[in-house]
Amino acid sequence: INAEYMGFIYYSLLKGKGMIRRVHYRRKHTYRTASNKIKLAKTPGGQLALQYRTKRGKGQICGDTGAKLNGLPHLRSKAFKRLSKVKRTVSRPYGGSRSGAAVKTRIIRAFLLEELKELKKMKTVKDQKKKIKKKEKTAKKQNLYQIPT
């Protein structure tokens, strides 16, 4: 029979005896909340004891796309901080912070921006050359119309 919740006391039927054994919360927090989950466990001495359960970690998510990051353990913040650097990251630029797809788009965006800058530079140089040629043409025309003295 499953353990049933009643107030702050858990009841459990012992195998075949039909006896009720009460188990109290071991900590002062007596409400059945998400942070106060427990599990009934039998000790080697045959007594029922409470084991407090920790919350499950949600896992790291990408800061750009919001997708879950692969290759990282799903732990709570404190436990995640205690891990070594190797276990907290992935061997890639922005590993452990951004997803592979996000990094790919960042690299492509950066490359395209650089290309755009180069095109703008080339255009300004071309425009300057055009202006210089125009000035030379107008100067030649003015020289043709001048009467030599």
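**The contacts of D64**

Tutor: The side chains of D64 and R106 are joined by a polar contact of 3.0 Å. A polar contact is a pair of N or O atoms within 3.5 Å; within protein, one must be able to donate a hydrogen and the other to accept it, and residues adjacent in sequence count only if both atoms are side-chain atoms. This is a predicted model, in which local features need pLDDT of at least 70 and side-chain atom pairs count only at pLDDT 80 or more, while totals for chains, interfaces and linings use all residues. Residues are numbered from 1 along each chain as its sequence is written, and side-chain values use heavy atoms, with hydrogens and water left out.

D64 also makes a side-chain polar contact of 3.2 Å with R98. Leaving aside residues up to four places away in sequence, D64 touches R98, A102 and R106, where contact means heavy atoms within 4.5 Å. The C-alpha atoms of D64 and A101 are 9.7 Å apart, across 37 residues of sequence. D64 is in the loop between β5 and α1 (77–82); helices (H or I, at least four residues) and strands (E, at least two) are DSSP runs, numbered from the N terminus. D64 counts as partly exposed because its relative accessibility is 40%; buried means under 20% relative accessible area, exposed over 50%, and partly exposed in between (1.4 Å probe, protein chains only).

R106 also lies over the face of Y94, 4.7 Å from the ring centre. A charge sits over a ring if NZ of Lys or CZ of Arg is within 6 Å of the ring centre and within 35 degrees of the ring normal. Y94 belongs to the loop between α2 and α3 and has a positive phi of about 60°, although it is not a glycine. With a relative accessible area of 46%, Y94 is partly exposed.

S99 is in the loop between α2 (85–88) and α3 (100–145). S99 counts as buried because its relative accessibility is 13%. Not counting residues up to four places away in sequence, S99 touches C62, T65, L69 and R92.

Elsewhere, the charged end of R27 sits over the ring of Y52, 3.9 Å from its centre. Y52 is part of the largest nonpolar core, whose six residues are V23, Y25, I38, L48, L50 and Y52. Strand β5 (residues 48–52) gives the most to this core, with three residues. A nonpolar core is a set of buried Ala, Val, Leu, Ile, Met, Phe, Trp, Tyr and Cys residues joined through side-chain atoms within 4.5 Å. N36, in the loop between β3 (20–24) and β4 (38–42), touches Y25, H29, T30, Y31 and Y52, not counting residues up to four places away in sequence. A polar atom of the N36 side chain lies 2.8 Å from the backbone oxygen of H29. N36 counts as buried because its relative accessibility is 3%.

Of its 149 residues, 16% count as buried. Among contacts between residues at least 6 apart in sequence, 26% join residues at least 24 apart.
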